Structures are given as C-alpha cells and as structure tokens.
Amino acid sequence: MQETSLVEPSDKFHASFKATLGLLTLLMALAPFPLAAHGESARSANESASAVTVNAPDDGYRGIWYMNQPSYDEYVYKYSGGLGTYCAKHKPFAVYCDKVKKTFFCYGGTTKDNNSKLLHMVSYYDHNTGMVPRPTILLDKKTGDAHDNPVISLDDKGHIWVFSTSHGTVRPSYIHRSQKPYDVSKFELVNATKMEDLEEVPMSNFSYMQAWHIKDKGFICFFTRYGYPAARTIYFMRSRDGVEWPIRVCLAAIDEGHYQISTVAKNKAGTAFNFHPKEKGLNWRTNLYYIETTDFGRTWQSADGRKLLLPLRSVKNPVLVHDYQAQRLKVYLKDIRFDNEGRPVILFLTSKGYEAGPKNDPRTWTTARWTGRKWQIRPAFVSDNNYDMGSLYIENDGTWRIIAPTETGPQTYNPGGEMAMWISKDLGKTWKKVKQLTKGSLYNHTYARRPVNAHPDFYAFWADGHGRKPSKSHLYFCDKEGKVWLLPREMTKDFVKPTLASKDVTRREAMMALRKAVRFFHTNVASHGGYLWRYSADLTLREGEGKATETMIWVQPPGTPSIGQVYLDAHEATGEQLYLDAACDAASALLQGQLRTGGWFYHIEFDPVKRQRYGYRDVPKRKGQRQKTTLDDNTTQSAVRFLMRLDKLLQFRDQKIHEAVTYALEAMLRAQFPNGGWYQWWDRYPNPASVEDYPVKAAGYPETWSRIWPNDWTGCYFINDNVMMDMVTTMLDANKIYGKERYLESALKAGDFLILSQMPEPQPAWAQQYDRNMHPVWDRKFEPPAITGGESQAVLETLMLLYQETGKKKYLAPIHRAISYLRKSQLPDGRLARFYELKTNKPLYFTREYKLTYSSNDTPTHYSFIVDSRLDSIEAQHKHLLEAEPTDKRTRSGAKMERMSPKLVAEVREIINSMDERGAWVQHGQLRSHKVEPESGIIDCRTFINNVRTLCRFLVADR
C-alpha cells in the first residue's frame, strides 16, 4: 500500500493530475459497479445514501440507547446507556457561530418506537430567542450502532457539514452539506473523493471521525481506518473544499492499533493516542502518545519539536508521553486542548481493567500537560466507569474546567452518573468541584461534549440513559454556570424553549402542575363529567376501546372510575375542593350509567335518544333494552370501588351514591355461584343459583376437547381477565368501608373457589374458564380449554392477598405446587405462554386465521399469547409470608408511608417539564379505533393517571 506523501503536492501537480482524471471519471460513470477504495463498500456513497438520506423534520429530541459486549454479570454490559453523543473519538458534536448567534449540533437520535435505531440528527440552539426548532432527520444509517454517530463542522460560508462515520468497513460513510448557509432544514450528499494508490476514488468509509474546519484553510480531519495495516490505524487528512481530499497521512500503526483524540488551533493541530498491545485484544489499551503538526499535515513532530517519520510502528518511540503499560494500567482518552500558550493538555482516565465494577478501581481522571520542557502528569479525581466521559475547557483567564459525570449515578459502575463541574486554577495541580449539575436522576448522564467556540449559554451537550437495560434517552445542555436544560422529547410546535432540568422540585411547583392538569382534564376533556381512553391532542377525535362521540364516556379502565380515583388521590394529598368536585362529577356520570341489572357495561351513552336503547336505572323500562352488567376487564368492579371510596369520604351523606353502591354490591353477591365463582356477565338482575344446578366440586380434565372453537359459550366460572382478583378486592374493600361480614364472606368464598379450581397434576395451575363440571372450556375463539400462564399468576397473588387479610393457611397451600409447575413451563426467554395444552403442557398459539398451533410465528396482534413472568416477585412474597411474624402478615390494610427519594423527585421534574401550556401531557401514539396517528399527538388517560398519582406521591412525601 502506498500512502500519500507527507509533503503537500504543488498546485502545478494538482492541475496536471486533475487533467488526467477525465477519462477515469467517464469510466466511473459508465461502469456497472462504482470504483471503491480497497476494503471498503463496493457501492458508491451516492447509491447508498440515496436510500437513507431523509431531510425531514422530527417532532422531538430523542437520543439513541446503545450497548456493547454483554458482560454476564450485574452490570450487564461492558458499556451501555444513552449514547447520543458517543464516543470520545468523535469530534465535534456542536459548533457555535457568532455571526448568527446559534450553536449548531448533531447527535445520534432514534425513532419514536425504537430506542435503538440510529438516526443522524441535526439542529441548533438560537441564542437570541432561547429556542430550538424541530430537529432535522438527516440520515437513517440502517443500524443501531452508536459508533456510527455523526460529527459536525461549519465552513467559511456558513454551510453546515455532517460527517457520518462507520464502525469498521461493513457500512459506508457519508458526508453531507447544508444546501443553504446556517440552515439545517435540508442537506445534500457530497460525493467526496480521496487519493489512494495514485488514484482518485470515492471516500466512502471512515471511522472515529474528528472533523475540524480552519478559517481560510479548509478541513483537517483525524480518523481511523480498519486493517491498514493495524486493526485500528489512525490517519490524518486535509481538504480545502470538503470534496477533494488529496492529503492523507498514516500517523501510527503500533501493534493492533490505536484510539486517538485531536484538537486544533489557528496554525496547529495535535493528536493524543494510546495503543492496543499485540495479541491482547482490542479491549486492551494502554500508554499515552502525542504528536502535532504546525503546517497542516505536511510535517509532524513531537511536543519538543523533533521531526517524525510516519507512520509510527514502535511501542517505545520519541512521542511516548507516559509508559502506562509498565504500570499495567489501561488508558481511556477523553479530551485534548491547547492552552493559551499553544501547548497541549490531555485529559484521560486510567484503570486496571476494561470490565465494569469495583474490581478495576480506582478509575483516575488525569491530565498530562506539556510545560515546554516536559510532560507534567497530575491526577484530578475519580469516577466509577471507564466510559465516564467529559470535556476539558481552557479559558482565556487560564482557568481549567471539566464537565463530566464524576458523581455516582442511579446505575452505579455503569457508564456515566451525575454530571459535575470541576475547576482548577493551578494548571491541574488541584481541582475543586464547584457544582453538581444533575441530582437524583432516573438514568446515568454521560459523554458531555464541548462545542467548538463554546458560548457561555450552551457550554456542554450530553444525553442520559439507563446503564443496564434499554431505555429512553433525553438530551441536555448546560451553561457555563452549570444550569441544565432539557431538550424537548415531544414537540407540538415548530419552535420551543428547552426547560430547566433542575432536579430540585418545590412543593409549590408540584401543586401548580397538579391543579393545571386536573383543571384541563375536568374542564376540557370531560364529557358529562366522565372520560374515555384516548383523545387527539386537539380533542376532535376520541375513543375508548372503540370509536366514541362527545355523548359517550367509558367505564372500563382507564376510563371514568380510574380518573375519579386519582381525583380522590389528589384531594387526599392536598385537601383541595377542586379535586373532590371533579370526583363528584365523575361519580354523577357513573350513576347515570348504572343498569337495572346492578352494574355497568363498558361505556355509557348520554345522547337522549340513544339512551333509550339501554336499561339504565333512570330510563323508563322498555322491551329490547341492553342491560348487560359485565365483570370483564374490571369494569363494574372499578366503578363500585370508586363509588365506595367516595361514599366513605362524603361520610355516606350522599344518598344517591350510597344507594347505587348498595344496589350494585347486592347484585354482585346474588350473582356469585355456590362454589364461590362468578360468570363474566349477566343481563337480568341475578337470582342466586342453586347448588343442585351448580354443584361444588374440584377441577379436573375433560376426557376430550375440541381443537375447533364450538361457539357454544358453555363456561360458567371465569378467571379470565382477572375477574376473580377484581371481585375479591372489591368485596374486601366493601367489608372495610361498610363493616358487613357478608362482603368478607363473599371474598373468602371466592378464595375457596380458587382452591377448588386448581387443576390436578401434572398441571397444578388454573384455566381461564370452567363449565359447571369444573372442566376447562372454550370462551372466545382464541381462548381454548387450557392452562393459563397469565391468569394463574394473578390467582397466586389473590390467594396471598386473602392470606394477608385472614391469616388462613389454606390460601397458601396451593402456591408452592403452582410455582414449581410454572417454573418448569417457562419459555426459553423466561416468559410464559398464555396457554398450555391440557396434559401435554405444550404451549398453544393461534394463527391469524384463529387455528390452534404449537408455533408462535403467526399470532394475531390484538391479544397477548406470551406474557411476562412475575414468578420471582410472587415467590419472594410467598417466602416472606411464610417466614413473617403474624403481626407482619396483614400488610394490605395499612397505608404505605410515601418517602421522598431522588427517583421520585426526578420523575416529578420530568412530569412538570413535559406538560404543555394547557396542562396536557401530549405524546406520540395512535388512535387505534380511528387507525390514525394524529400529527398533533394524543392525550392518553393512562398517562394522566400515572402522572397525577406521581404528583400526589410527591406531595404526600413532602408533608
């Protein structure tokens, strides 16, 4: 391989050489396959990018979550987290332009529904307005590898350049330039070329790019090339226009290669690098080297001015800053700067090994400063992961500043932590932590990046993410004083102001947010006092489980009773009448939907004409009215529990509410079968069933069962959709509120049914539904006679609840056998099948045509045929109940004391920051019944419920 000369070709050479390229260019245009560099993609950059260049605005700032190399220990990965500004060898991620007073930045973004799909994103912060626009999706890189993150630069004319790197040679790399100066809305692909073996070929592959633009000089870049000749060979290249790159210099190829970090000044560029020892693998990195150029790559020298012959190939050489190999220490490069005298200062971290965890402590942040005569190496501080990455600032007054995640974060010993700001006034001899920028975070923060020409208002830029499992990732920036702003993850406007991301939340802030949210929901979202499930953000479209009109509300959670419950939470947390009034309106709406059969259907209709079709208690009776009370999906039960709680809070003085509850509870008691079970619905006021018609017996296997849905609905007793858990909870609450033993007896009778309905060996768990002979039977066409891995777990939790309430050990007796069976039945990924075939225990599924099968490859999407396992928590609770003192067993009746925690504070801060000016939480999502995804976003009742509950928890803990 022949590298380009270290001496820049003359202009005469350029002219003659370019004249000879006409024929080559024509051949390239006519060739069926574009010419490519050795070892790089055979496709041209233009062909590859045309399929992935997007040039479209996004509606929020979302960083990519990425992991590398599973570690099979408690830290899960070698490194992982929110790595939108990864890695240290990519520079820069942001550039401040004083001419337009904007900081332009790029990052590794992702899609709404996939936290690990890489999109190259570009945007800016406008210092005049304090706002950011919708970010531009520049490129879909067709990977989830954050090593492919982009870097950014600005040329003399204000065009924004984005260099899209590649991790190795499998994927191509790209260069894009904005079509207009200082404009991020649209980019065009740059068909850049380089010189290789005296040929001009497409520059379609580069890794770990560091792209610097020097005024009136053009671009100089430091990058890595895989396999030429070392596994990771470091290079320098230069271009006046960003299109033609005639200058390429191989800097070093010692043993297995290097990582490098670079910096530039007006007439100088320098790079620091480590090396991978031969036969040690690429996780080994050690030693510290430094070289520089003062003539834009023509010649290279050591810090003390000794001329160098490149590439460097020896471990011991004139540019060795320190021999860390002799100390058996690894070296992780972080940043490099020139001080005010033009001398290099290198920031790096040393540790004993590459694995996460305390065994490789201490992880020491260190600076190496060239004094003009020697390298002065000084430790600074420590943190807990090799991939904790921050930036070094050397300011005009001589202050050294570091912004880095040096403080312990929520995922200890994983990359990142809490961001801190450190200052040294004595050239790195001593350091003082002047401010901790983030506190009490949900996720670790890391990879704080320094913009080129950093403006005091946008001084560092980074992302967060969970250190041990996939998560959302948010993007942040801070000012020079250490105030932190959160970039909006969701945007409904073209321009918004980032929100302060301080984790300190005052009680007043939380109270105001709660009032604002409830006022909006109660005033603008409610219809007749009740609620649905989801709405378009402009409230023009609405739905429950199906399409809904303005005259409909939903009972089935998360509908009206669920909203009413959180209004009561808010009232109890604050004592404010606003929330009680809203709850009373929700109750009034429910009363108008109570059926003569005692309970509620999924929804309630308020249109005066349409109401006549339903057997509501306040509608005159007429033939053919719909009056089905349903226990499915916690519908009637949730309404009764909300009304009972409100009844108690009103001291039983509201006669309408009290009578409605009494009427409903009586119907539920009368509908209970002699063995303690319930059917899923009834369409007339119940008469108690006789034991002669419905004998009390234990469950068993049918002799045969049809593999084809018989459509005969022979089920009598239902566990499906947690009917039994919801009924038991309702009756226990009724006993506590009204003090009537008949409600407790009903709950205990239901527990007896759960004992009876446990199937015998070899499958001692539960079916979804049984006939009067206690044999599992079909229900809907996708619910066969089978053992259920889903509802069986809810049964176990219900039995433990009954034991907590009564102390009767009979409710614990079935649990051990069931857990053992379910453990044996777990799928390879640890989850459980929804259905297991009777006796054979083979997992059962359905095709999209609803035919039974043993394969999960073609299941319908409306139903969960595989469910998460809760066996670990169930088993732990079971063990606790067996071992606890009798006084510790009845834990349900005592309210759990809410405690303030950093996690709770962080959750509340995020809730407050994500609220729009109306008091709504707008998010991306689909209105499923309408089959649309509104551009303005949706309002989801589940989000409202969760956020209000969290605000209430905070207010209770803050008392």
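1. Terms and basis. A residue is called buried when its relative accessible area is under 20%, exposed when that area is over 50%, and partly exposed in between, using a 1.4 Å probe and protein chains only. Helices (H or I, at least four residues) and strands (E, at least two residues) are DSSP runs, numbered from the N terminus. This is a predicted model, in which local features need pLDDT of at least 70 and side-chain atom pairs count only at pLDDT 80 or more, while totals for chains, interfaces and linings use all residues. Residues are numbered from 1 along each chain as its sequence is written, and side-chain values use heavy atoms, with hydrogens and water left out.

2. Confidence. The pLDDT is the predictor's confidence in each residue, on a scale from 0 to 100. The chain averages 91, and 93% of the residues score at least 70. Over residues 1-51 the pLDDT is below 50, and this stretch has 70 contacts in the model beyond near neighbours in sequence. Residues 887-895 are also below 50, with 18 contacts beyond near neighbours in sequence. Contact here means heavy atoms within 4.5 Å.

3. The neighbours of β10. Two strands count as paired if DSSP finds at least two bridges between them. Strand β9 (residues 150-154) pairs with β10 in the antiparallel sense over 5 bridges, and P150 has S164 as its bridge partner in β10. The hairpin of β9 and β10 has 5 residues between the strands, and G158 takes a positive phi near 90° there. Strand β11 (residues 174-178) is also antiparallel to β10, with 4 bridges. The bridge partner of V162 in β11 is H176, and that of W161 is R177.

4. The sheet. In what order do the 4 strands of the open sheet lie? The order is β9-β10-β11-β12, with antiparallel pairing. The edge strands are β9 and β12 (187-189), each of which pairs on one side only. The twist averages 25° from one strand to the next. For such angles, axes are lines fitted to C-alpha atoms (for helices, over the stretch in contact), and the angles run from 0 to 180 degrees between N-to-C directions.

5. Strand β29. Strand β28 (residues 391-394) runs antiparallel to β29 and is joined to it by 4 bridges. L392 has I402 as its bridge partner in β29. Between β28 and β29 there is a hairpin with 5 residues between the strands, and G398 in the turn has a positive phi of about 90°. Strand β30 (residues 418-424) pairs with β29 in the antiparallel sense over 6 bridges, and M421 in β30 stands opposite I403.

6. Residue F348. F348 lies in strand β25 (residues 344-351). It is counted as buried because its relative accessibility is 0%. Leaving aside neighbours within four places in sequence, F348 is in contact with a set of residues including L288, Y324, Y332, W365 and I377. P498 is 150 residues from F348 along the chain, and their C-alpha atoms are separated by 31 Å.

7. Nonpolar cores. In soluble globular proteins, nonpolar side chains tend to be buried together. A nonpolar core is a set of buried Ala, Val, Leu, Ile, Met, Phe, Trp, Tyr and Cys residues joined through side-chain atoms within 4.5 Å. Of the 146 residues in the largest core, F521, L665, Y770 and F944 touch the most other members. Not counting residues up to four places away in sequence, F944 touches A517, V518, F521, I563, V566, Y567 and W921. A second, separate core of 46 residues includes L83, Y332, W365 and L392.

8. Cysteines. A disulfide is a covalent bond between the sulfur atoms of two cysteines. It is counted here when a pair of cysteine sulfur atoms lies within 2.5 Å. The structure holds 0 disulfides. C106 is in none, and the nearest cysteine sulfur, that of C87, is 12 Å away. C106 is buried, with a relative accessible area of 0%.
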